[in-house]
Amino acid sequence: MNALTPLLPALQSLEPLGLPSSSLPEWFAYANERQAARLAVHVQAEFATLLRTFAGSVDHAYLRSGAFQANVVQAVRAAEVAESEDKLRFIARALAGCVLAFPPPAPDRFQTMRVIEGLSDRELRVFVGLFDLLDPIDPFADSLPVNGTATVAGLSRQEFASALLGLAQQGFLSRADVRRDEWSEPEAAWTLTALARQVAVLTRLGGNEWEGDL
């Protein structure tokens, strides 16, 4: 039994949407079976939500392609270095998001799964928390002062600031001088990038509440 086996029931649940389940036994992954089994619990829950709520928005051609297999393998590989159940659930949520069809510009699924693997637990916690600190109507038009005092629950300002730097190094944030209004002086601020938007779209952040414990 390879490491992908615990995910088979969740993957087989997508057969009515066009996934050719006869090909599943040929798939493989590199993560260990224990982590794959932990991930499978969250994948099953996310796919159940997809089937219940988003079945009409599924990208059927993608499900029948090798790209979906590649993304599943990425998810299992990312699970191998996940530090927490919240990280595992975020990976599962992104994989479920990959199954949906999007209007142009479509998110790059492979890139999104790759960068999620590299997020530390603290960076993920701060990334999710940013959507509570930015404008809830249009977070991508808002910014967060570099030298501000904001943080997320459970983290010191220094821990929060170091996580922001890590997110910037991975392309989730960019630094620019912005004016809060026409009378204020420019100040250094963090803004979400196109990559951050892509991850948010696939994981339904920003306009869709994250239900994890981060």
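**Exercise 1. Which residue's side chain does Glu-46 join in a polar contact, and at what distance?**

*Solution.* Start with the pair itself: the side chains of Glu-46 and Arg-204 are joined by a polar contact of 3.3 Å. A polar contact is a pair of N or O atoms within 3.5 Å; within protein, one must be able to donate a hydrogen and the other to accept it, and residues adjacent in sequence count only if both atoms are side-chain atoms.

A word on the ground rules: this is a predicted model, where local features need pLDDT of at least 70 and side-chain atom pairs count only at pLDDT 80 or more, while totals for chains, interfaces and linings use all residues. Residues are numbered from 1 along each chain as its sequence is written, and side-chain values use heavy atoms, with hydrogens and water left out.

Glu-46 lies in helix α2, and Arg-204 sits in the segment after α9 (194-203). Helices (H or I, at least four residues) and strands (E, at least two) are DSSP runs, numbered from the N terminus.

Then list the contacts (heavy atoms within 4.5 Å). Beyond its neighbours within four places in sequence, Glu-46 is in contact with Arg-89, Ala-92, Arg-93, Ala-96 and Arg-204.

**Exercise 2. Is Glu-46 buried or exposed?**

*Solution.* Recall the cut-offs: buried means under 20% relative accessible area, exposed over 50%, and partly exposed in between (1.4 Å probe, protein chains only). Glu-46 has 4% relative accessibility, so Glu-46 counts as buried.

**Exercise 3. Which residues line the second largest pocket?**

*Solution.* Begin with the terms. On a 1 Å grid over the protein atoms alone, a cavity is a set of points where a 1.4 Å probe fits but cannot get out, and a pocket is an open set with protein on both sides within 12 Å along at least five of seven lines; lining residues have an atom within 4 Å of a point. Grid points are joined across faces, edges and corners, and a volume is the space filled by probe spheres set on the points.

The second largest pocket holds about 230 Å³ of space. Its lining is made up of Phe-102, Pro-103, Pro-105, Ala-106, Pro-107, Phe-140, Ala-194, Arg-197, Gln-198, Ala-200, Val-201 and Leu-205. Sorted by class, that gives ten nonpolar, one polar and one charged residues. Here Ala, Val, Leu, Ile, Met, Phe, Trp, Tyr, Cys and Pro count as nonpolar, Asp, Glu, Lys and Arg as charged, and the others, Gly among them, as polar.

**Exercise 4. Which strand gives the most to the lining of the largest cavity?**

*Solution.* The structure holds one cavity of 30 Å³ or more, and the largest cavity has about 30 Å³ of space. Among its lining residues are Leu-130, Asp-142, Leu-173 and Trp-190. Strand β3 (residues 187-192) gives the most, with three residues.

**Exercise 5. Which residues touch the most other members of the largest nonpolar core?**

*Solution.* A nonpolar core is a set of buried Ala, Val, Leu, Ile, Met, Phe, Trp, Tyr and Cys residues joined through side-chain atoms within 4.5 Å. Of the 62 residues in the largest one, Leu-39, Phe-47, Phe-68, Phe-127 and Leu-130 touch the most other members. Helix α5 (residues 85-98) gives the most to this core, with eight residues.

Now follow Leu-130. Not counting residues up to four places away in sequence, Leu-130 touches Leu-144, Phe-160, Leu-164, Leu-167, Leu-173 and Leu-192.

**Exercise 6. Where is Asp-59 found, and with which side chain does the side chain of Asp-59 make a polar contact?**

*Solution.* Asp-59 lies in the loop between α2 (33-53) and α3 (60-63). Its side chain makes a polar contact with the side chain of Arg-109, at 3.1 Å.
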